Amino acid sequence: MQYFHEEWSDPDTTSWSLHGPCHTLEESRQWMLDTITARDNLYYAVFARQDGLESTADQPGMHVGSVGLRRQDTGPTLAPPLQGDGGEEAKELDLRVIGYAFVKHAWGKGYASEAAAALLDAYAASVAEEKARGKKVFYLEAGVDEANPASDAVLRKVGFEKVGWKTETEPVFLGGAWRHGGYWIYGQYV
């Protein structure tokens, strides 16, 4: 809970999240419960090694952020691109959305790319058996504001491809400014 609150109460860390910062420990607790349970989120805190210190369960290192894959029951934001013969259309779509948030002092150091790549590898391994049965298609999606090139770069580094533009009529407050028009959708089959 401590790490979740550290992250989700920080305005810089949450500046690109539609949720925004939590203002109390109780609000963070409720958001964490919703994130993990109601959204079936595979959520991981990310720690950086500290020079000269060995990481342990009690002292995992310096908390730098989180990465997760949450279920999106409402379906894809934009239709996933067809693969090969288009046979995935006849299969059940298992959709998750990737998200990440990192503390400001960790920005630009590769933590998001490294953590996202590890999460995607672990997720692919966890669904490999079910994927081999051939009844489901596993697809990941991400939304990125055009004013957030760092997030765009993370997604491209871990294999996401731009699917298209999602038009929105209502402005949202992200990255310290009101954003109008919409955002980019990226996707990746697992």
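User: Is tryptophan 165 buried, exposed or partly exposed?
Analyst: Tryptophan 165 is partly exposed, at 29% relative accessible area. Partly exposed sits between buried (under 20%) and exposed (over 50%), using a 1.4 Å probe and protein chains only.

User: What about tryptophan 184?
Analyst: Tryptophan 184 is partly exposed too, with a relative accessible area of 26%.

User: What sort of model is this?
Analyst: A predicted one: local features need pLDDT of at least 70, side-chain atom pairs count only at pLDDT 80 or more, and totals for chains, interfaces and linings use all residues. Residues are numbered from 1 along each chain as its sequence is written, and side-chain values use heavy atoms, leaving out hydrogens and water.

User: OK, rings. How many aromatic pairs does the structure hold?
Analyst: There are 8 aromatic pairs. In one of them, tyrosine 139 and tyrosine 189 are tilted, 4.8 Å centre to centre with 55 degrees between the planes. Rings of Phe, Tyr and Trp (its six-membered ring) pair if their centres lie within 6.5 Å; planes under 30 degrees apart are stacked, over 60 edge-to-face, the rest tilted.

User: Which residues do ring pairs link into a cluster?
Analyst: Phe4, Trp8, Trp31 and Tyr43.

User: Switching to the core. Which members of the largest nonpolar core touch the most others?
Analyst: Ile98 and Phe160, in a core of 26 residues. Members of a nonpolar core are buried Ala, Val, Leu, Ile, Met, Phe, Trp, Tyr and Cys residues joined through side-chain atoms within 4.5 Å.

User: Which elements each supply at least two residues of this core?
Analyst: β1 (42–48), β2 (62–71), β3 (92–102), α3 (111–132), β4 (136–144) and α4 (149–157). The largest share, 7 residues, comes from α3.

User: What is isoleucine 98 in contact with?
Analyst: Beyond its neighbours within four places in sequence, isoleucine 98 is in contact (heavy atoms within 4.5 Å) with Gly68, Leu69, Ala116, Leu120, Glu141, Ala142, Leu155 and Phe160. Another core, of 5 residues, lies apart from the largest one; Phe4, Cys22, Trp31 and Met32 are among its members.

User: Back to helix α4. Is aspartate 152 buried or exposed?
Analyst: Aspartate 152 is found in helix α4. Aspartate 152 is buried, with a relative accessible area of 18%. Leaving aside neighbours within four places in sequence, aspartate 152 is in contact with Val144 and Tyr186.

User: How far apart are aspartate 152 and isoleucine 185 in space?
Analyst: They are 10.0 Å apart, C-alpha to C-alpha, and 33 residues apart in sequence.

User: Pockets next. What lines the second largest pocket?
Analyst: Tyr44, Ala45, Val46, Phe47, Val67, Tyr111, Glu114, Ala115, Ala118, Leu119 and Ala122. On a 1 Å grid over the protein atoms alone, a pocket is an open set of points with protein on both sides within 12 Å along at least five of seven lines, whereas a cavity is a set where a 1.4 Å probe fits but cannot get out; lining residues have an atom within 4 Å of a point.

User: Which elements give two or more residues to that lining?
Analyst: β1 and α3 do. α3 gives the most, with 6 residues.

User: And what lines the largest cavity?
Analyst: Gln50, Leu53, Glu54, Ser55, Gln59, Pro60 and Gly61.

User: Where does glutamine 50 lie?
Analyst: In the loop between β1 and β2. Glutamine 50 is partly exposed, with a relative accessible area of 32%. Not counting residues up to four places away in sequence, glutamine 50 touches Gly61 and Met62. Glutamine 50 and glycine 61 are 5.8 Å apart in space, C-alpha to C-alpha, and 11 residues apart in sequence.

Notes. Helices (H or I, at least four residues) and strands (E, at least two) are DSSP runs, numbered from the N terminus.
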